[in-house]
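Here is a short tour of a predicted model. Have the sequence and the 3D view open as you read.

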Amino acid sequence: MLKIFNTLTKKKEKVQFSYSKIINIYVCGVTVYDLCHIGHARTFLVFDIIKRYLEYLGYKTCYVRNITDIDDKIIYTANRNNESIDVLVKRMIKHMHKDFLCLNLQDPDYEPKVTRCMQDIISFIEILLKKNFAYIADNKDILFSIKQYNSYGILSRRKKLCCLHDTVSYDDSIYNESNDFVLWKHSINKSDPHWISPWGPGRPGWHIECSAIINKFFKNGVNIHGGGIDLLFPHHENELAQLKSIKSSFSIKFWIHVGMVIINNHKMSKSLSNTVFIRDLLHKYDPEVIRFYILSTHYRHPLVFREKNLNASQNILKKIYVSLLYHNIQCTHTNDQKKLRNTFKEKFFSAMNDDFNTPKACLILQKLSQYINKIKKSRDILLYNSLSKDLIFFGNVLGLLNHDPKNFLRSFTNKMSRSQINIVEKLVRMRDSYRNNKKWNLADMIRKKLLKLGVTIKDGNERSTYKFIYKN
Ligand SMILES: [Zn+2]
């Protein structure tokens, strides 16, 4: 049975959703003012796995991920670039979709933009005002009154921001001593982007966006709400306070938070210029390599980003694909060996059922692939095919092993960099010249060197041809 760690209770809890009902999932999406980075990749990849896995278990899901297309950072960046907010936002959404598509992230069922939900946000604030959970401040901003909501802090076990560095947006900035936060920011200048409301022109605060969107799509509550751990306080605490204030029975069953990405001992941040963009990683690595690398750390732990670990993941994935090289998809005859196959199956799914323990699940893929290599040597073709099918199936649950093994491995020989291929070619031609001059010892020495590089030689009359071999 699936167990998920719930931030609200700080415990792993059994999932007891009803199969006849749709599982509602809401994840806080991207603020589109820049390209998406590895932190985004990690968060959304984790929820991609969660959604895939729930569907594998037979649940139907409805996944909503918003797009924040208006906020301080967007306004600042558009002004700095001397372009309109609309142009900036459209470009960034296009890049985001391209990156996510490359990473093989399944699309959410709905991807509402904040600016398209303005009426829902305004109606939500109206209810909060009516119920006295909100008030109009002297400067005409509308604030949420924390003292009116007794359970504030129930999710994060926090009530106050520690310092200004704790803030992630204007909306979190300490407004007054009671830490009340902005629901509606009154427009001072006519040139500011604004929407008409009963309280004059303005724009919404960040926290109210998500609550209003959740309420719009999931009137009866949410089964899973997630995001990065940096959103836990104050963003998610505020979201919960708002939702509970308009409907005390509103339920969010599981809160799931994904750990941070750490680079050079620091949290990734623009001010430290240590941001790793998805696009740059995709230039260097196959998307499955990035996926395998991210899944090799448990989602609740911090991911310490090191390129050498990414390369190590690449090597592991290559070995897994090598074990599948001679797998015959068409072959319908399989060697049952139920006991053996069930052992791997049980291990894989018990790892996934234990709060999506993907590092363990990835290790099972490796172990199974090593076992397949042994079977390959014993030439038990039926068992080899059965186990290969299982390996591909497990991989697919994690969004992996979707490539044809030959094509996947060939892409590395092509990618084996032009300079490496140049070296190989030089050695082959040098060996040709030794052979033509009957310097057999030297020619043989180069043949051995090429073999070490994973290259085999076929001798012709004057010139030899070569090919790359896949090593286990
Ligand atoms: Zn949110």
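Along the chain, the donors of the zinc ion are spaced as C-x181-C-x24-H-x3-E. Two of them bring distant parts of the chain together: Cys28 sits in the loop between strand 3 (22–27) and helix 1, while His235 belongs to helix 6 (residues 232–246), 207 residues apart. Both Cys28 and His235 are buried.

The protein donor atoms are Cys28 (SG), Cys210 (SG), His235 (NE2) and Glu239 (OE), and they lie 2.1 to 2.2 Å from the zinc ion. The angles among the 4 donor atoms run from 79 to 127 degrees, and the site is irregular. A tetrahedral label would need all angles to lie between 85 and 135 degrees.

## The 'HIGH' region

The UniProt record, an unreviewed entry, annotates residues 30–40 as a short sequence motif, the 'HIGH' region. In the model this span is 27% helix and 0% strand, and its end C-alpha atoms are 8 Å apart.

## Nonpolar cores

The largest nonpolar core has 90 residues, and Ile38, Ile224, Phe348 and Leu398 touch the most other members. Helix 1 (residues 38–56) supplies the largest share, with 10 residues. Because domain 1 (20–272) and domain 2 (307–406) both contribute residues, this core lies between them. A separate, second core holds 45 residues, including Val64, Ile246, Ile252 and Trp255.

Take a closer look at Leu398: beyond its neighbours within four places in sequence, Leu398 is in contact with Ile49, Arg291, Leu295, Phe348, Met352, Thr358, Ala361, Cys362 and Leu365.

Technical notes:
Residues numbered from 1 in each chain as written. Predicted model: local features only at pLDDT ≥ 70, side-chain atom pairs only at ≥ 80, totals over all residues. Heavy atoms only, no water. Core = buried A, V, L, I, M, F, W, Y, C linked by side-chain atoms within 4.5 Å. Buried < 20%, exposed > 50% of the residue type's maximum accessible area, 1.4 Å probe, protein only. Helix = DSSP H or I, 4+ residues; strand = E, 2+ residues; numbered from the N terminus. Domains from an automatic or database assignment. Contact = heavy atoms within 4.5 Å. UniProt positions renumbered as here; feature names shortened; annotations may be inferred. Donors = N, O, S within 2.8 Å, 3.2 Å for Na, K, Ca; no water. Tetrahedral: all angles 85-135°; square planar, octahedral: opposite > 155°, others 65-115°.
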